[in-house]
Amino acid sequence: MPSSPEQPRASDRPERATGDRPLGLLVVVSGPSGAGKTTIAREVQDRLDGVFSISATTRPRSGQETDGRDYHFVTDEQFRAMIDRGEFLEYAEVFGRYGYGTPRRPVEEHLSAGCLVVLDIDVQGGLQIRNNRPDALLIFILPPSDEELLRRLRTRGRDDEEAVQRRFAEAKREIDLARSSGAYDAFVVNDELAEAIERTIDLVQRRRAGDEGGGR
Ligand code: ADP
Ligand code: 5GP
């Protein structure tokens, strides 16, 4: 991908809101499990008054999660029906086990209203968004090192050691795919959290201001 992204055609852009309302912007935040993408995506959405897209997933809800806030937890049948009805902007099977998808309607409605919409999705989903929304800003969060990634996976406390090792191997594949695909506009190393958040906010604000030089 060239260092200066191609100018999208006018027809590819989200609907331009009338009057003084800002142009909606779709921001994808991806990264391997444990890199800190959810922490960063939520903070960016909050600080920039954006909207966080709530995905549908077939994976079981964990103890700390709330249905409708963290995810819409659905059955396999419900997920398949949503696919058949074309209700997803993108969807993927993650870790070869569970379905994850971005409900299309809320995203499109918020973009039309001029909002910033943040998606926390994997690379398979990011590649689909790159294809069907060329105007989206795609950011990939990297851990500072393998050791630190392993430490964060363990301190999340969600997985046993076997699952930690599986996520770690998957993380390496995901980073390789993100780099080789050329689909991502920027890579942000999440060493100091506050700095990574500032850098991500800066990328979003630059894109919103129409400054395309923000980082590939
Ligand atoms: P992801 O969504 O990429 O799986 P999370 O946002 O859930 O990652 O973060 C994984 C863990 O690492 C969490 O416990 C989070 O508080 C912690 N974390 C995130 N960023 C940092 C950082 N820069 N330094 C130290 N710990 C971090
Ligand atoms: P977790 O189960 O740890 O919450 O998420 C696992 C992975 O699925 C993460 O990489 C997360 O970004 C990704 N994910 C969450 N929602 C979606 C989605 O709607 N679409 C896609 N493609 N990936 C998602």
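Reader: Among contacts between residues at least 6 apart in sequence, what percentage join residues at least 24 apart?

Author: In this predicted model, the figure for the protein chain is 67%.

Reader: And how many helices and strands are there?

Author: The protein chain has seven helices and nine strands.

Reader: What share of the residues is buried?

Author: Of the 216 residues in the protein chain, 48% are buried. As for the surface, the chain exposes about 11,100 Å², and 47% of that comes from carbon and sulfur atoms.

Reader: OK, ligands. Which residues come nearest to ligand 2?

Author: There are 17 residues around ligand 2, and the nearest of them are Ser55, Arg59, Tyr71, Tyr100 and Arg158.

Reader: Which side chains have an N or O atom 2.7 Å or 2.8 Å from a nitrogen atom of ligand 2?

Author: The side chain of Glu90 has an N or O atom 2.7 Å from a nitrogen atom of ligand 2, and for the side chain of Asp122 the distance to a ligand nitrogen is 2.8 Å. There is also an oxygen atom of ligand 2 that sits 2.5 Å from an N or O atom in the side chain of Tyr100. Taken alone, ligand 2 exposes 510 Å², and the protein buries 95% of that.

Reader: Back to Glu90, then. Where does it lie?

Author: Glu90 is in strand β5, which covers residues 88-94.

Reader: Which side chain of opposite charge is nearest to Glu90?

Author: That would be Arg104, but it is 10 Å away. A salt bridge needs the atoms within 4 Å, and Glu90 has none, although it is buried.

Reader: What does the side chain of Glu90 make a polar contact with?

Author: With the side chain of Thr102, at 2.5 Å. Skipping its neighbours within four places in sequence, Glu90 is in contact with Gly101, Thr102, Ile121, Gly125, Gln128 and Ile129.

Reader: Switching to ligand 1. Which residues come nearest there?

Author: Ligand 1 has 16 residues around it, with Gly34, Thr38, Thr39, Asn190 and Asp191 coming nearest.

Reader: Salt bridges next. How many does the count come to?

Author: The count comes to 20 salt bridges. In general, side chains of opposite charge can pair when their charged atoms come close.

Reader: Which residue does Glu65 form a salt bridge with?

Author: Its partner is Arg59, with the closest N and O atoms 2.8 Å apart. Arg59 is also among the residues nearest to ligand 2.

Reader: Are Glu65 and Arg59 buried or exposed?

Author: Buried. Glu65 counts as buried because its relative accessibility is 10%, and Arg59 is buried at 10% as well.

Reader: And the Asp70 pair, how far apart are the closest N and O atoms?

Author: Asp70 and Arg69 have theirs 3.5 Å apart. Arg69 is partly exposed, with a relative accessible area of 46%.

Reader: Where do Arg173 and Glu170 lie?

Author: Both are in helix α6, residues 161-181, three residues apart, which is about one turn of the helix. Arg173 and Glu170 form a salt bridge, the closest N and O atoms being 2.9 Å apart. Glu170 counts as partly exposed at 22% relative accessibility.

Reader: Which residues are linked in a network of salt bridges?

Author: Glu43, Arg47 and Glu198 are.

Reader: Last one, Gln45. Why does it count as buried?

Author: Because its relative accessibility is 15%, and buried means under 20%. Gln45 lies in helix α1, residues 37-47.

Reader: What does Gln45 touch?

Author: Not counting residues up to four places away in sequence, Gln45 touches Gly50, Val51, Phe52 and Val118. The C-alpha atoms of Gln45 and Ile201 are separated by 9.0 Å, with the two residues 156 apart along the chain.

Notes: Residues are numbered from 1 along each chain as its sequence is written. Chains are lettered from A and ligands numbered from 1 in the order in which they are written. This is a predicted model: local features need pLDDT of at least 70, side-chain atom pairs count only at pLDDT 80 or more; totals for chains, interfaces and linings use all residues. Side-chain values use heavy atoms; hydrogens and water are left out. Helices (H or I, at least four residues) and strands (E, at least two) are DSSP runs, numbered from the N terminus. Buried means under 20% relative accessible area, exposed over 50%, partly exposed in between (1.4 Å probe, protein chains only). Lys and Arg count as positive and Asp and Glu as negative; His and the chain ends are not counted. A polar contact is a pair of N or O atoms within 3.5 Å; within protein, one must be able to donate a hydrogen and the other to accept it, and residues adjacent in sequence count only if both atoms are side-chain atoms. Contact means heavy atoms within 4.5 Å. A residue is near a molecule or strand if one of its heavy atoms lies within 4 Å of it. Accessible areas come from the Shrake-Rupley method with a 1.4 Å probe; for residues, only the protein chains shown count as cover.
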